[in-house]
Amino acid sequence: MISKLLCNPRLLAAAGEAFVWQEHSRQIITAALLSMVPTFEGRYAVTVALGMGMPAVFSYLLALICSSLPVPFILLLLRPVLDWFYTLPIKPVQSFAAWLERHAAKKRASMNEKNRKGIRRRLSADAAELFALYLFVAIPLPGTGVWTGSAIATLFNMPRGKAAAAILIGNVTACLIMTLAASGVLAIF
């Protein structure tokens, strides 16, 4: 029985084309590092990993885990870095930090104004912000994602734990959408 399986040419051909983890460690490391690059992140690293022949589930998990690693660092370190920018004797750096915070305050005020008119009746302001953050991270478009979502959460002074949960759930959704799209599952529908 085993000799019949081992001598089967179809199985031998499939085994020769199979993804062997030890032989493809360079591709795994490449996909993992690409998952951590801002704006590229896991959503696009999934397609690269699938293009390199990795299995879909492994590609999804690799991209998801590696793209989620920067979240706590951004949430914890962006505020101290901005505060440090104010202490530097370099005017353009101070001006950039001030502009960034002013811009974020305007966006948050605009978002809260729109929230008062629409969805606020159903959700609290904090819940609406977290839902918007989830959607921002979950929709796989250029400029959205984990890095930008973490920066927005920090600049909007959102609670870190809740913001991290919204970002991570959004990342799960974005990586899943891209995995399904890249593997052709969405083409069926």
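Mentor: Let us begin with a definition: a salt bridge is a side-chain nitrogen of Lys or Arg within 4 Å of a carboxyl oxygen of Asp or Glu. The model above is predicted, and a search of the whole of it finds 3 salt bridges.

Trainee: What makes Arg79 and Glu101 a salt bridge?

Mentor: The closest N and O atoms of Arg79 and Glu101 are 3.1 Å apart, and because the cut-off is 4 Å, the pair qualifies. The pair links distant parts of the chain, for Arg79 is in helix H6 (residues 70–87) and Glu101 is in helix H7 (residues 91–117), 22 residues apart.

Trainee: Why does the salt bridge of Glu129 and Arg108 tie together separate parts of the sequence?

Mentor: The closest N and O atoms of Glu129 and Arg108 are 2.7 Å apart. Glu129 lies in helix H8 (residues 125–138) and Arg108 in helix H7, so the pair ties together parts that are 21 residues apart in sequence. As for accessibility, Glu129 is buried at 4%, whereas Arg108, at 24%, counts as partly exposed.

Trainee: Why is the pair of Trp84 and Phe85 called tilted?

Mentor: There are 4 aromatic pairs in the count. In the pair of Trp84 and Phe85 the ring centres are 5.8 Å apart and the planes stand at 40°. Because centres within 6.5 Å make a pair, and because planes under 30 degrees apart would be stacked and over 60 edge-to-face, the arrangement is tilted. Trp84 is partly exposed, with a relative accessible area of 48%, while Phe85 counts as buried at 18%.

Trainee: How many disulfides does the structure hold?

Mentor: The number is 0, where a disulfide would require a pair of cysteine sulfur atoms within 2.5 Å. Among the cysteines, Cys66 is buried with a relative accessible area of 11%, and Cys175 counts as buried at 0%.

Trainee: Why are H4 and H5 called roughly antiparallel?

Mentor: The axes of helix H4 (residues 41–51) and helix H5 (residues 56–68) come within 8 Å and cross at roughly 150°. Angles over 145 degrees count as roughly antiparallel, and H4 and H5 are therefore described in that way. The crossing of H4 and H5 is right-handed.

Trainee: What makes Ala165 partly exposed?

Mentor: Ala165 lies in helix H10 (residues 160–182) and has 38% relative accessibility. Because that value falls between the limits of 20% and 50%, Ala165 counts as partly exposed. The C-alpha atoms of Ala165 and Leu130 are separated by 9.0 Å, although the two residues are 35 residues apart along the chain.

Note on methods
Residues are numbered from 1 along each chain as its sequence is written. This is a predicted model: local features need pLDDT of at least 70, side-chain atom pairs count only at pLDDT 80 or more; totals for chains, interfaces and linings use all residues. Side-chain values use heavy atoms; hydrogens and water are left out. Rings of Phe, Tyr and Trp (its six-membered ring) pair if their centres lie within 6.5 Å; planes under 30 degrees apart count as stacked, over 60 as edge-to-face and the rest as tilted. Buried means under 20% relative accessible area, exposed over 50%, partly exposed in between (1.4 Å probe, protein chains only). Helices (H or I, at least four residues) and strands (E, at least two) are DSSP runs, numbered from the N terminus. Axes are lines fitted to C-alpha atoms, for helices over the stretch in contact, and angles run from 0 to 180 degrees between N-to-C directions. Angles under 35 degrees count as roughly parallel, over 145 as roughly antiparallel, 65 to 115 as roughly perpendicular and the rest as oblique. A crossing is left-handed if the near helix is turned anticlockwise from the far one by less than a right angle, and right-handed if clockwise.
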